[in-house]
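Welcome! Let us take a friendly walk through a protein chain, from its overall make-up down to single residues.

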Amino acid sequence: MKATSTTRPEPARPQGSLPLSVLTVAATTFSVVTTEMLPVGLLTSLSSGLGVSDGTAGLTVTLPGVVAALAALLLPVAVRRADRRTVLCVLMVLLAAANLLSALAPAFGVLLAARVLVGVCIGGVWAIAAGLGVRLVREEAAGRATTVIFSGIAVASVLGVPAGTFLGELAGWRWAFAVMGAFALAVAGLLAAVLPPLPASAAVRLGTFPGLLRGPRLRAGLLVVLLLVTGHFAAYTYVRPVLERVPDLGAGLVSGLLLVYGIAGIAGNFAGGALAARDPRRALLAISAGLAAVILLLGPAGGSLLASVALLVGWGLAYGGVSVSTQQWILAAAPRAREAASALFAGVFNAAIALGALTGGLVADGLGTTDVLWLGGGLAALALLVVASAGRGTREGAGTDQKSVPAPDGVRDGKGVSP
């Protein structure tokens, strides 16, 4: 189909240092990830406050992930040609409302309903924000902008969730959700103020996804996402009991080590993003090999404090680069349909989180907590084989995917935006 008259020119992209718009989108990803994981640190007080078991309270984490996987695919279709700045603002206002509803929830059912709204926001934000770096800056800075946007994940783990947990312990779990709601509302205001108009580059339709999946490099990238993220969450969910078995490593030191892991994750995000901007395949070869090695070695190294600490830091460095590197692969594999490809990426990523937690729990209950390391490391090793077999050519503009995927409506230049 030809471009319609509603397609508008792409806004001018600034030169030089990264603009405030990129940092604001990073604050948006920080908001959704912090909100998604906030119940993890509040689980005990939340369950006692609403009169449910810890296992039932865990649904506040599982349910948003499942909803997010669906929302990532369906929301871009639903909003079609709406300006993406408007969509992001609406999603952040909805996130603020969901957090406020969580803070005021009189019963667990109301809290779950609020968490469904959170899932919609998570999926929608990632489907749109993941590919925005290339639209907000000039081409030579697109890789760095994407890395900064994805840094919201690691910063949420290091700062957002611990801060929410501390506030929950200090003033009660309801205040943690209330403050997060106020923060999300402030981010919505910033988005409206600093983002340029972002007209939809193409109307995403459900029929777009099967066409994209015909591209072999895109399929390989999504399979790598599924394997790495499932393996990571299967193993990392149970890393605390694994570490507590290490001699001379008490519970207090475990918390400190997990903070160090998070800081290593921030460093890994920027290191992986810098490498992936030049060559996504090389970045994912290094990341997959590193993850497989450190996770598989952590079990046998359990008798050594020094080795366990070194491997945990290596785990943080390696996994910190997963999100941004796989996203760079996906964008390079489908340069003419970035938003639809990002929607697939976000859907698979969130589904993998839920799958990892589920499979890890089954293995831990059936075989033991240390056996989840074999599962996680094995899946990372499989991802390494997939990346290696995909061959070269995953840089932007390379590969066969451009030929196998027709340009969506409104796209004429092969870069995902209309001139």
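Predicted model: local features only at pLDDT ≥ 70, side-chain atom pairs only at ≥ 80, totals over all residues.

Residues are numbered from 1 along each chain as its sequence is written, and side-chain values use heavy atoms, with hydrogens and water left out.

**The whole chain**

The chain has 18 helices and zero strands; helices (H or I, at least four residues) and strands (E, at least two) are DSSP runs, numbered from the N terminus. Of its 419 residues, 55% are buried, where buried means under 20% relative accessible area, exposed over 50%, and partly exposed in between (1.4 Å probe, protein chains only). The accessible surface comes to about 16,200 Å², and carbon and sulfur atoms hold 69% of that surface. Such areas come from the Shrake-Rupley method with a 1.4 Å probe; for residues, only the protein chains shown count as cover.

How much of the contact count with a separation of 6 or more comes from residues 24 or more positions apart? The share is 85%, with contact meaning heavy atoms within 4.5 Å.

**The nonpolar cores**

A nonpolar core is a set of buried Ala, Val, Leu, Ile, Met, Phe, Trp, Tyr and Cys residues joined through side-chain atoms within 4.5 Å. The largest one here has 99 residues, and Val229, Leu291, Trp315 and Tyr319 have the most contacts inside it. Helix α10 (residues 216-236) gives the largest share of this core, ten residues. Another core lies apart from it, with 14 residues that include Leu42, Ala105, Leu112 and Trp173.

Back to Trp315: leaving aside neighbours within four places in sequence, its contacts include His232, Tyr261, Leu298 and Leu373.

**Helix α1 and Glu36**

Helix α1 covers residues 20-50 and holds Glu36. The helix has a kink of about 80°, centred on Leu42; the bend at a residue is the angle between axes fitted to the seven residues ending there and the seven starting there. Just after α1, Gly51 takes a positive phi of about 70°.

Beyond its neighbours within four places in sequence, Glu36 is in contact with Val61, Gly65, Arg115, Ile122 and Asn350.

| Pair | Apart in sequence | C-alpha to C-alpha |
|---|---|---|
| Val148 and Val25 | 123 residues | 8.8 Å |
| Val22 and Leu191 | 169 residues | 9.9 Å |
| Val225 and Ala346 | 121 residues | 9.6 Å |

Val148 belongs to helix α7 (residues 142-171) and counts as buried because its relative accessibility is 10%. Val22, in helix α1, is buried because its relative accessibility is 0%. Leaving aside neighbours within four places in sequence, the contacts of Val22 include Leu136 and Val148. Val225 sits in helix α10, and Phe345 and Ala352 are among its contacts beyond four places in sequence.
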